[in-house]
Amino acid sequence: MEDLTEVLRAGETVVKRRRQSRRRRENTATIDSRNFTKANWFCRMMSIPAIPESQTSATLRVFTMWSAVLAYFISGLLGVVFPELLSALFFMKFTGRDKAYWRINCALLTVIGFLYIVMAKSRPLITGNGAILGTVPERLLFVVAVLVWLCYQSLLSLPFAAAFSLLDSVLAIVTYIIWYRNTPEASLKKCLVEIGKLMIPFLGPAKNWSSNIVQIISYLEMVISVTFMVRPDVARDLMGLDAFQGFSRGMVSLFFMQMVVIGWLQVLGGGDGNEACPIAAVFYRIAWKVPVVSLMYYFNHLERGFALAVAVADLASASVILISLCVEVLPSKKDN
C-alpha cells in the first residue's frame with residue numbers, strides 16, 4: 001500500500017513539473033512575442049497584431065482607413081506617376097514648374113492618406129476617438145476654406161477646388177455621423193472635448209517622449225506652413241523659386257496647405273499617445289518624401305532651394321524623433 005502511495009505521489013510530481021514547464025514555455029513565448037512586436041517598429045506602426053475594439057471604434061476606424069486608401073493614398077500615387085492624367089480631369093494646363101509642383105503635391109496627398117491609415121489602425125492611449133474626430137474640423141473648416149480662397153483668386157481651377165472640397169466635406173460629415181450614431185450621449189460638446197484633450201503636449205496621461213516631440217515639431221511646422229501658404233511669394237524669395245507661371249503660385253500655397261494638414265494629423269496622433277505616430281512620422285519622411293524630393297531635384301524638376309529646404313527640414317525632424325524613439329527602446333533592451 002505504501003509503495004502504491006509513493007508511486008501516486010511520484011506521478012503527481014511529474015505531472016506538476018510538466019505543467020510548470022509548459023507554463024514557463026508559454027510565458028516565454030508570450031514575452032518573446034511582445035518583445036518582438038515592440039522591437040519591430042513596422043509592426044508597431046501598423047498596429048500588428050490588431051486588438052479587439054468597441055463597435056463604435058471599429059466602424060469609425062474601418063471607414064477612416066478605407067476612405068483614406070481610396071480618396072488620398074491611391075489618388076496621390078496616381079498623381080505622382082501620371083500627373084497629366086489627373087490634371088486633365090480638373091482642367092489644369094501645366095506651364096513652367098506646374099507639373100513638378102503638381103507631383104510634389106500628390107506626394108503629400110499620399111502622405112496624408114498614409115497618416116490616416118496609421119491613425120485608423122493605431123491604439124490610442126487616451127480613451128475615445130479624439131484623433132479621428134479632429135479631422136472633421138480640419139476638413140470642413142480649414143481645407144474647404146483654403147480651397148475656396150485659392151479658387152477665388154484663380155490660383156486653382158474651379159473643378160479641382162470643387163472636387164476636393166466636396167470630397168473632404170462628405171468624408172468629414174460621414175465621420176461625424178458614424179461617431180454620433182454609435183456613441184452614447186454623443187454631442188458636439190463631447191466631440192470638441194475629445195479633440196481638445198489631445199491638443200497640448202505633456203498634459204493628460206503620461207505619454208512617450210517621442211509623442212510629445214512629434215506634437216511640438218508639428219506645431220512648429222504648422223506655423224511656418226501657414227505663413228508660406230498665405231504668402232507664397234515669401235516662400236519663393238526664401239527658397240529661390242522660379243517666377244510663378246500658370247498655377248504655380250496656387251500649387252505652392254496648396255503644398256503648404258497640405259503641410260498644415262500633415263502637421264495637424266501628427267498633432268492628433270501624438271496627442272492621443274499612440275505609439276504608431278512617432279514611427280510613422282519618421283517613416284514617411286525617410287522612405288517617401290525625402291526620396292521623392294531628391295529624385296525630382298536630380299532630374300531638374302524642382303529648384304535646388306525648394307528641394308534643399310524640404311529635405312533638410314524633414315531629415316532634421318526625423319532625426320530628432322528617431323533619437324527619442326531609440327532612447328525609449330534602450331531600457332527594454334537592458335531588461336532583456
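The side chains of Arg285 and Glu221 meet in a salt bridge, 2.8 Å from N to O. A salt bridge here is a side-chain nitrogen of Lys or Arg within 4 Å of a carboxyl oxygen of Asp or Glu. This is a predicted model: local features need pLDDT of at least 70, side-chain atom pairs count only at pLDDT 80 or more, and totals for chains, interfaces and linings use all residues. Residues are numbered from 1 along each chain as its sequence is written, and side-chain values use heavy atoms, leaving out hydrogens and water.

**Arg285 and Glu221**
- Arg285 and Glu221 come from distant parts of the chain, 64 residues apart.
- Arg285 lies in helix 13, and Glu221 in helix 10 (residues 209–230). Helices (H or I, at least four residues) and strands (E, at least two) are DSSP runs, numbered from the N terminus.
- Arg285 counts as buried because its relative accessibility is 1%. Buried means under 20% relative accessible area, exposed over 50%, and partly exposed in between (1.4 Å probe, protein chains only).
- Glu221 also counts as buried, at 12% relative accessibility.
- A network of salt bridges links Glu221, Arg285, Lys289 and Asp314.

**Other salt bridges**
- The whole structure holds eight salt bridges.
- One of them joins Arg97 to Glu303, with the closest N and O atoms 3.9 Å apart.
- This pair links distant parts of the chain, 206 residues apart. Arg97 sits in the loop between helix 4 (83–89) and helix 5 (98–121). Glu303 sits in the loop between helix 13 (276–298) and helix 14 (304–335).
- Arg97 and Glu303 are both buried.
- Asp237 and Arg236 form a salt bridge too, at 3.4 Å from N to O.
- Asp237 is exposed, because its relative accessibility is 56%. Arg236 is partly exposed, with a relative accessible area of 24%.
- Side chains of opposite charge can pair when their charged atoms come close.

**A nonpolar surface patch**
- Leu70, Ile74, Leu78, Val81, Phe82 and Leu85 form a nonpolar patch on the surface. Together they have about 560 Å² of accessible area.
- Patches are made of residues with over 30% relative accessible area and no salt bridge; like charges are joined within 9 Å, nonpolar side chains (Val, Leu, Ile, Met, Phe, Trp, Tyr) within 5 Å.
- Accessible areas come from the Shrake-Rupley method with a 1.4 Å probe; for residues, only the protein chains shown count as cover.
- Helix 3 (residues 55–81) gives the most to the nonpolar patch, with four residues.
- Ile74 is placed in helix 3. Ile74 is partly exposed, because its relative accessible area is 37%.
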